[in-house]
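Let's take a walk through this model together. Have the sequence and the 3D view open, and we'll go stop by stop.

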Amino acid sequence: MSIQNNLELVRNKIIEAEKKSGRKEGSVKLMAVSKFHPSDAVIEAFNAGQLLFGENRVQEASVKFPPLIQAHPEISVHMIGQLQSNKVKKAIEYASCIQSVDRIDLLHEIEKQCTKINRKIKILFEVHTGEESKSGYTSEADLLDSIEKCAKGEFPHIIPQGFMTMAPFTDDEKLVRNSFITLRNLSEKIRPQFPSLSLTELSMGMSGDFEIAIEEGSTLVRVGTAIFGERDYSK
Ligand SMILES: *Cc1c(COP(=O)(O)O)cnc(C)c1O
(Lines give C-alpha, C1' and ligand atoms only; values in the text may rest on other atoms or scores of the structure.)
Protein backbone atom coordinates (compact mmCIF):
# COMPACT_ATOMS: atom_id res chain seq x y z
CA MET A 1 0.00 0.00 0.00
CA SER A 2 1.26 3.48 -0.81
CA ILE A 3 1.27 6.40 1.61
CA GLN A 4 -1.37 8.00 -0.59
CA ASN A 5 -3.64 4.94 -0.26
CA ASN A 6 -3.05 4.75 3.47
CA LEU A 7 -3.93 8.42 3.89
CA GLU A 8 -7.13 7.93 1.96
CA LEU A 9 -8.07 4.96 4.15
CA VAL A 10 -7.37 6.86 7.35
CA ARG A 11 -9.30 9.91 6.12
CA ASN A 12 -12.29 7.72 5.28
CA LYS A 13 -12.17 6.08 8.71
CA ILE A 14 -12.11 9.51 10.32
CA ILE A 15 -15.21 10.53 8.35
CA GLU A 16 -16.94 7.28 9.36
CA ALA A 17 -16.11 7.86 13.02
CA GLU A 18 -17.32 11.48 12.80
CA LYS A 19 -20.62 10.25 11.36
CA LYS A 20 -20.98 7.46 13.88
CA SER A 21 -20.65 9.86 16.77
CA GLY A 22 -22.87 12.52 15.22
CA ARG A 23 -20.04 14.95 14.71
CA LYS A 24 -19.67 17.34 11.82
CA GLU A 25 -17.55 16.13 8.93
CA GLY A 26 -14.20 17.89 9.07
CA SER A 27 -14.29 18.48 12.82
CA VAL A 28 -11.29 16.22 13.37
CA LYS A 29 -7.86 17.23 12.08
CA LEU A 30 -5.39 14.58 10.94
CA MET A 31 -1.72 14.81 11.88
CA ALA A 32 0.69 12.48 10.07
CA VAL A 33 3.35 11.38 12.57
CA SER A 34 6.51 11.04 10.50
CA LYS A 35 9.06 10.12 13.18
CA PHE A 36 11.61 7.57 11.98
CA HIS A 37 10.47 8.08 8.38
CA PRO A 38 12.55 9.97 5.82
CA SER A 39 11.81 13.28 4.11
CA ASP A 40 10.73 11.39 1.01
CA ALA A 41 7.87 9.86 2.96
CA VAL A 42 6.81 13.32 4.18
CA ILE A 43 6.90 14.61 0.62
CA GLU A 44 4.81 11.69 -0.58
CA ALA A 45 2.20 12.50 2.07
CA PHE A 46 2.40 16.21 1.18
CA ASN A 47 1.78 15.38 -2.47
CA ALA A 48 -1.32 13.48 -1.33
CA GLY A 49 -2.58 16.65 0.36
CA GLN A 50 -1.26 16.22 3.90
CA LEU A 51 -0.02 19.47 5.50
CA LEU A 52 0.21 18.75 9.23
CA PHE A 53 2.98 16.53 10.58
CA GLY A 54 4.17 15.41 14.00
CA GLU A 55 7.65 14.56 15.26
CA ASN A 56 8.91 13.25 18.60
CA ARG A 57 12.58 14.07 18.62
CA VAL A 58 14.04 17.53 18.06
CA GLN A 59 17.27 16.10 16.72
CA GLU A 60 15.45 14.24 13.95
CA ALA A 61 12.92 16.96 13.19
CA SER A 62 15.63 19.64 12.98
CA VAL A 63 17.25 17.86 10.08
CA LYS A 64 14.06 16.90 8.28
CA PHE A 65 11.64 19.79 8.57
CA PRO A 66 13.36 23.17 8.06
CA PRO A 67 14.17 22.37 4.40
CA LEU A 68 10.70 20.90 3.81
CA ILE A 69 9.02 23.98 5.28
CA GLN A 70 11.31 26.26 3.29
CA ALA A 71 10.29 24.52 0.07
CA HIS A 72 6.61 24.20 1.04
CA PRO A 73 5.55 26.86 3.57
CA GLU A 74 2.09 25.26 3.85
CA ILE A 75 3.67 22.39 5.77
CA SER A 76 3.54 22.61 9.54
CA VAL A 77 5.04 20.38 12.19
CA HIS A 78 4.12 19.92 15.84
CA MET A 79 6.42 18.46 18.47
CA ILE A 80 4.66 15.60 20.26
CA GLY A 81 7.43 13.89 22.23
CA GLN A 82 8.84 14.54 25.66
CA LEU A 83 10.90 17.68 25.36
CA GLN A 84 14.07 18.46 27.27
CA SER A 85 14.47 22.13 28.09
CA ASN A 86 17.79 22.34 26.24
CA LYS A 87 16.04 21.31 23.00
CA VAL A 88 13.44 24.08 23.09
CA LYS A 89 15.62 26.69 21.39
CA LYS A 90 15.98 24.49 18.30
CA ALA A 91 12.39 23.26 18.22
CA ILE A 92 10.77 26.70 18.22
CA GLU A 93 12.69 27.66 15.09
CA TYR A 94 10.37 25.55 12.94
CA ALA A 95 7.63 23.89 15.03
CA SER A 96 4.27 25.68 15.00
CA CYS A 97 3.05 23.93 18.14
CA ILE A 98 4.49 22.01 21.08
CA GLN A 99 1.86 19.48 22.09
CA SER A 100 3.90 17.91 24.86
CA VAL A 101 4.11 20.65 27.48
CA ASP A 102 4.16 18.74 30.76
CA ARG A 103 5.74 21.12 33.30
CA ILE A 104 6.00 24.78 34.23
CA ASP A 105 9.76 24.84 33.60
CA LEU A 106 9.11 24.08 29.96
CA LEU A 107 6.74 27.06 29.68
CA HIS A 108 9.44 29.32 31.13
CA GLU A 109 12.00 28.02 28.65
CA ILE A 110 9.65 28.30 25.66
CA GLU A 111 8.79 31.86 26.65
CA LYS A 112 12.46 32.76 27.06
CA GLN A 113 13.50 31.35 23.69
CA CYS A 114 10.48 32.72 21.82
CA THR A 115 11.16 36.17 23.26
CA LYS A 116 14.70 36.05 21.87
CA ILE A 117 13.58 35.42 18.31
CA ASN A 118 10.35 37.39 18.67
CA ARG A 119 7.92 34.67 17.69
CA LYS A 120 4.79 33.18 19.20
CA ILE A 121 4.11 29.49 19.46
CA LYS A 122 1.04 27.38 20.14
CA ILE A 123 1.13 24.76 22.85
CA LEU A 124 -1.02 21.98 24.28
CA PHE A 125 -0.88 20.73 27.83
CA GLU A 126 -0.08 17.02 27.86
CA VAL A 127 -1.98 15.19 30.55
CA HIS A 128 -1.20 11.77 31.98
CA THR A 129 -4.43 9.78 31.75
CA GLY A 130 -3.40 6.14 31.47
CA GLU A 131 -1.45 3.92 33.81
CA GLU A 132 1.10 2.74 31.27
CA SER A 133 2.15 5.92 29.56
CA LYS A 134 4.62 8.00 31.50
CA SER A 135 4.40 11.44 29.99
CA GLY A 136 2.21 14.39 30.84
CA TYR A 137 1.11 16.32 33.89
CA THR A 138 0.22 13.88 36.66
CA SER A 139 -0.94 16.49 39.14
CA GLU A 140 -4.09 18.48 38.39
CA ALA A 141 -2.88 21.20 40.75
CA ASP A 142 0.32 21.62 38.72
CA LEU A 143 -1.66 21.67 35.50
CA LEU A 144 -4.04 24.33 36.83
CA ASP A 145 -1.10 26.37 38.07
CA SER A 146 0.49 26.35 34.61
CA ILE A 147 -2.76 27.29 32.89
CA GLU A 148 -3.40 30.04 35.40
CA LYS A 149 0.02 31.56 34.76
CA CYS A 150 -0.76 31.56 31.03
CA ALA A 151 -4.15 33.16 31.68
CA LYS A 152 -2.50 35.88 33.79
CA GLY A 153 -0.26 36.79 30.89
CA GLU A 154 3.03 35.50 32.27
CA PHE A 155 3.93 33.93 28.93
CA PRO A 156 3.00 36.44 26.22
CA HIS A 157 4.69 34.41 23.45
CA ILE A 158 2.77 31.23 24.25
CA ILE A 159 -0.69 30.49 22.90
CA PRO A 160 -2.31 27.59 24.77
CA GLN A 161 -4.87 25.79 22.63
CA GLY A 162 -5.95 22.77 24.64
CA PHE A 163 -4.88 19.35 25.78
CA MET A 164 -3.10 16.25 24.58
CA THR A 165 -2.92 12.72 25.92
CA MET A 166 -1.70 9.25 25.06
CA ALA A 167 -3.91 6.28 25.93
CA PRO A 168 -2.26 3.26 27.54
CA PHE A 169 -0.82 0.67 25.15
CA THR A 170 -3.32 -2.12 25.69
CA ASP A 171 -5.91 -4.14 23.79
CA ASP A 172 -8.38 -3.38 26.54
CA GLU A 173 -10.69 -0.96 24.74
CA LYS A 174 -12.30 0.11 27.98
CA LEU A 175 -9.01 1.38 29.42
CA VAL A 176 -8.24 3.24 26.21
CA ARG A 177 -11.68 4.82 26.12
CA ASN A 178 -11.44 5.78 29.79
CA SER A 179 -8.22 7.61 29.12
CA PHE A 180 -9.89 9.71 26.40
CA ILE A 181 -12.96 10.32 28.57
CA THR A 182 -10.68 11.50 31.38
CA LEU A 183 -9.07 14.10 29.11
CA ARG A 184 -12.41 15.30 27.74
CA ASN A 185 -13.91 15.63 31.22
CA LEU A 186 -10.85 17.48 32.46
CA SER A 187 -10.99 19.85 29.52
CA GLU A 188 -14.70 20.51 30.09
CA LYS A 189 -14.04 21.21 33.74
CA ILE A 190 -11.08 23.50 33.17
CA ARG A 191 -12.23 25.48 30.14
CA PRO A 192 -14.92 27.58 31.88
CA GLN A 193 -12.39 28.59 34.55
CA PHE A 194 -10.22 30.33 31.97
CA PRO A 195 -12.48 32.28 29.62
CA SER A 196 -9.57 34.38 28.37
CA LEU A 197 -7.95 31.28 26.86
CA SER A 198 -9.29 29.20 23.99
CA LEU A 199 -8.57 25.66 25.15
CA THR A 200 -10.62 23.85 22.53
CA GLU A 201 -8.11 21.37 21.11
CA LEU A 202 -8.25 17.76 22.27
CA SER A 203 -5.30 15.93 20.71
CA MET A 204 -5.97 12.24 21.26
CA GLY A 205 -5.97 9.06 19.22
CA MET A 206 -3.20 7.20 17.35
CA SER A 207 -3.18 4.46 14.68
CA GLY A 208 -4.66 1.82 16.97
CA ASP A 209 -7.29 3.90 18.71
CA PHE A 210 -8.17 7.04 16.74
CA GLU A 211 -11.73 5.94 16.05
CA ILE A 212 -12.43 5.53 19.77
CA ALA A 213 -10.79 8.90 20.40
CA ILE A 214 -13.06 10.57 17.85
CA GLU A 215 -16.11 9.02 19.49
CA GLU A 216 -14.90 10.58 22.75
CA GLY A 217 -14.39 14.06 21.36
CA SER A 218 -10.93 14.20 19.81
CA THR A 219 -10.34 17.23 17.58
CA LEU A 220 -6.90 16.12 16.35
CA VAL A 221 -5.65 12.58 15.81
CA ARG A 222 -1.93 11.74 15.57
CA VAL A 223 -1.48 8.87 13.15
CA GLY A 224 1.90 7.38 12.24
CA THR A 225 1.98 3.67 11.50
CA ALA A 226 -1.35 3.54 9.65
CA ILE A 227 -0.01 6.15 7.20
CA PHE A 228 3.73 5.47 6.90
CA GLY A 229 3.96 1.80 7.93
CA GLU A 230 6.02 0.28 10.73
CA ARG A 231 8.92 2.30 12.12
CA ASP A 232 12.46 0.93 11.92
CA TYR A 233 13.92 1.75 15.34
CA SER A 234 17.30 0.29 14.43
CA LYS A 235 18.16 3.40 12.40
C1 LIG B 1 4.50 7.86 17.74
C2 LIG B 1 3.39 8.68 18.30
C3 LIG B 1 2.13 8.71 17.66
C4 LIG B 1 1.79 7.87 16.44
O5 LIG B 1 1.72 6.51 16.79
P6 LIG B 1 1.17 5.40 15.78
O7 LIG B 1 0.73 4.29 16.66
O8 LIG B 1 2.30 5.03 14.89
O9 LIG B 1 0.04 5.99 15.02
C10 LIG B 1 1.17 9.55 18.19
N11 LIG B 1 1.41 10.30 19.29
C12 LIG B 1 2.59 10.29 19.93
C13 LIG B 1 2.78 11.15 21.12
C14 LIG B 1 3.60 9.46 19.46
O15 LIG B 1 4.76 9.44 20.13
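Which polar backbone atom is 2.8 Å from an oxygen atom of the ligand? That one belongs to Gly224. Before going further, a word on the ground rules: this is a predicted model, where local features need pLDDT of at least 70, side-chain atom pairs count only at pLDDT 80 or more, and totals for chains, interfaces and linings use all residues. Residues are numbered from 1 along each chain as its sequence is written, and side-chain values use heavy atoms, with hydrogens and water left out.

Arg222 brings a polar side-chain atom to 2.9 Å from a nitrogen of the ligand. On its own the ligand has 390 Å² of accessible area, and the protein covers 92% of that (Shrake-Rupley method, 1.4 Å probe; for residues, only the protein chains shown count as cover). The residues around the ligand include Val33, Lys35, Asn56, Met166 and Arg231, where near means having a heavy atom within 4 Å.

Next stop, the aromatic rings. A pair of rings is described by how far apart the centres are and by the angle of the planes. Rings of Phe, Tyr and Trp (its six-membered ring) pair if their centres lie within 6.5 Å; planes under 30 degrees apart are stacked, over 60 edge-to-face, and the rest tilted. Searching the whole structure turns up four aromatic pairs. One of them joins Phe125 and Phe163, a tilted pair with 6.2 Å between centres and 40° between planes. Phe125 belongs to strand β5 (residues 121–126) and Phe163 to strand β6 (residues 158–164), so this pair ties together parts 38 residues apart in sequence. Helices (H or I, at least four residues) and strands (E, at least two) are DSSP runs, numbered from the N terminus. Buried means under 20%, exposed over 50%, and partly exposed in between (1.4 Å probe, protein chains only).

Now find Phe36, in the loop between β1 (29–33) and α2 (39–47). Its phi is near 70°, a positive value in a residue other than glycine. Phe36 is buried, with 17% relative accessible area. Arg57 lies over its face, 4.4 Å from the ring centre; the test is NZ of Lys or CZ of Arg within 6 Å of the ring centre and within 35 degrees of the ring normal. Asn118, in the loop between α5 (104–117) and β5, has a positive phi as well, near 55°. At 65% relative accessibility, Asn118 is exposed.

Last, look at Leu52 in strand β2 (residues 52–55). Leu52 is buried at 12%, and its C-alpha is 5.9 Å from that of Val77, 25 residues away along the chain. Not counting residues up to four places away in sequence, Leu52 touches Leu30, Met31, Ala32, Ser76, His78 and Leu220 (heavy atoms within 4.5 Å).

Definitions and conventions: Polar contact = N/O pair within 3.5 Å; in protein donor to acceptor, adjacent residues only side chain to side chain.
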